[in-house]
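Subject: Structure for your review

Hi,

Here is the structure I promised to hand over. Please open it first, then read my notes below it.

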Amino acid sequence: MSWGAPVWAGEAPNKAIRAEASADAGEVRPSPKPGMVFEYNRGIEMSDGLALRANVFRPSGKGRYPVIITHGPYGKDVAWQTGEPYRAAWDKVKAKVPDICKASSCSFMRWETPDPERWVPSGYVVIHADSRGSGKTAGLLDILGARETQDYKELIEWAAQQPWSNGKVGLLGISYYAINQWQVASLQPKGLAAIIPWEGALDAYRDISYHGGIPSTMFTRNWTLRQVFPNQHGNGATPFRDAVTGESAVGPALPPTVLAASRRTILDDVLAHPFNGAYHVQRSGDPSRIHIPVLSVGNWAGGGLHLRGNIEGFTQAATSNKWLRMHTGDHFSPFYRDTSLQLQKAFFDRFLKGDPKAFRQEPRVVVTVRDPVGGDRLRAENAWPLEGTRFERWYLQADGQGLAKEQPGTVAKADYEARSEGVTFRLPASTEAREFTGPLMARLWVSSSTTDADLYLTVRLLDPSGRDVTFEGSNAPAVPVAQGWLRLSHRELDVAASTPGRPVHPHRVPMAVEPGKPYAADVEIWPTSIVVPAGHTLALTVGGQDFAFPHLTSGVYRGSAPFMHDGSDPKVFGGRQTLYTGGDYDSYLLLPAIPADRPVATAIPAKR
């Protein structure tokens, strides 16, 4: 799909949508930060006449300053500290970054966005904007749709032309505010000079909506109902209050019929597009069109949404000015740590302010190497995949449920019900610590008793007693080392686009699955970094449903939530699956081994 003139539907002819073309300068409100001007609810006219509503925070002194923008559906006026469902995440941030409100009153802390009080004193303008159909902005709510992305482009170009702007705009934010950075940067807005997409997907099909062709339904459903629709413009039932005025954060209430006509039903739209066509391509970024500097920051613990896209965006971006940082842990607190703020400011100081001393001699790649015994460490690298990576094939042994360096000569089978815990294959226990960092995959020869099968692959770390070692997830208390997925009818490979450890499936048309017939399926497992301590072992679990840790027997968060895949037809996907190993069946797990003589990494302090 061309990234030229955007195409969108349903806006102009839908009279139920209020196109409030009331661009204005907003209202200058008192600011808790000396030297900061706060323009509340400014109206910025879009090309179709609708006014995008934004809060503008800028230095009070005369001059021209670089601009940082966020634009999205979570509410420019919804306080993170008090808004449901955000309070639990805020409590976690406060616990991990206890000084967060010492340099700031936190009056303008908004979900997953930069704090203006930390940026304006450093000579930046910060803009928080409500995207079309959300918060104070009227119009059709169409998440990541073409008109929303076009609005973002026009907002960037407007900001670059303002008298207080130096003409250079940067984008910064977490998750949604990272996803739409990839999107809008692909449109090449005038004035956009650099982006920092922090833990955000790139590919709407593979990273968000369909994992290996399997619909990722749980997160989309809950996210829509708890965060997106409650903040829809005109939602009279919203729990969100305007932190500035105390009134509704979404404007005057609209009649229920009008409200329903003013939004796209996200999950229904996703399920109506089970293959990777124009719908998903439009909602994805195109890194080949991104020529500006990029600092891409991802999370090893973000499997299911907040991992793959940051690495893919880094590797595919057309610019030579690109850097990758990979950390681990929760989804929010790393963004607000002082070390992260210093990194963000150094990057923007160089590319938005033109400071020749800032962000110099920065390593191209910095990874957090996860080590459950020795402690997590940071290591500078020159490329992704890491230089010197040795991809090791570990062949599945169905008869002993092991993983071996040599392919078994005898054919064996392992059967399991799709709706079960599946079957687990273990590497030999390590006699010394071994590191695996990079992309990984598995080739499985598999048959199904039905006309299709969903394959769920989980790489686990087991301690000497055989118990799982878990890791704090970006959005969950405990996650495994890595996960991958593939619907067997989506096994077709794009051979030209595939690389070691990273098979690419076009997901354009289904391939036939004949019951009982074995097929080779190359399954992408999302990238990882792990040190396997001495006495520990890696294990690969293959099943037909979302993985759950054996020791977690209750609740939702058992290893895969919130990125789970419910709703599949049990008559098609609930049959019996068979894995084939040995002989002509080269079923294997491919692991990215890092040489033991790698330079020693820098230990991460306990508090950062």
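The largest nonpolar core has 58 residues. Trp80, Phe347 and Phe348 have the most contacts inside this core. Helix 12 gives the most to it, with five residues. Keep in mind that this is a predicted model.

Trp80 deserves a look of its own. Leaving aside neighbours within four places in sequence, Trp80 is in contact with a list of residues that includes Tyr86, Arg87, Trp90, Met109, Trp111, Glu112, Phe332 and Tyr336. Ring pairs also link Trp80 into a cluster with Tyr86, Trp90, Trp111, Trp198, Phe240, Phe332, Phe335 and Tyr336.

There is a second, separate core of 43 residues. Among its members are Leu440, Leu444, Leu457 and Val479.

Strand 26 pairs with strand 13 (residues 377-381) in the antiparallel sense, over two bridges. Arg377 has Ala603 of strand 26 as its bridge partner.

Now the aromatics. A search of the whole structure finds 35 aromatic pairs. Two of them:

- Phe219 and Trp223 are stacked, at 6.0 Å centre to centre with 10 degrees between the planes. Both lie in helix 6 (residues 217-228), four residues apart, about one turn of the helix. Phe219 counts as buried at 18% relative accessibility, and Trp223 is buried at 11%.
- Trp323 and Phe359 are edge-to-face, at 5.0 Å centre to centre with 85 degrees between the planes. Trp323 lies in strand 11 and Phe359 in the loop between helix 12 and strand 12 (365-369), so this pair ties together parts that are 36 residues apart in sequence. Trp323 and Phe359 are both buried.

How many disulfides does the structure hold? One. This disulfide joins Cys101 to Cys106, with S to S at 2.1 Å. The torsion about the S-S bond is about -110 degrees, so the disulfide is left-handed. Cys101 counts as partly exposed, at 28% relative accessibility. Cys106 counts as buried, at 2%.

Best regards

Definitions and conventions: Residues numbered from 1 in each chain as written. Predicted model: local features only at pLDDT ≥ 70, side-chain atom pairs only at ≥ 80, totals over all residues. Heavy atoms only, no water. Pairing = 2+ DSSP bridges. Core = buried A, V, L, I, M, F, W, Y, C linked by side-chain atoms within 4.5 Å. Buried < 20%, exposed > 50% of the residue type's maximum accessible area, 1.4 Å probe, protein only. Contact = heavy atoms within 4.5 Å. Disulfide = S-S within 2.5 Å. Phe/Tyr/Trp six-rings, centres within 6.5 Å; stacked < 30°, edge-to-face > 60°.
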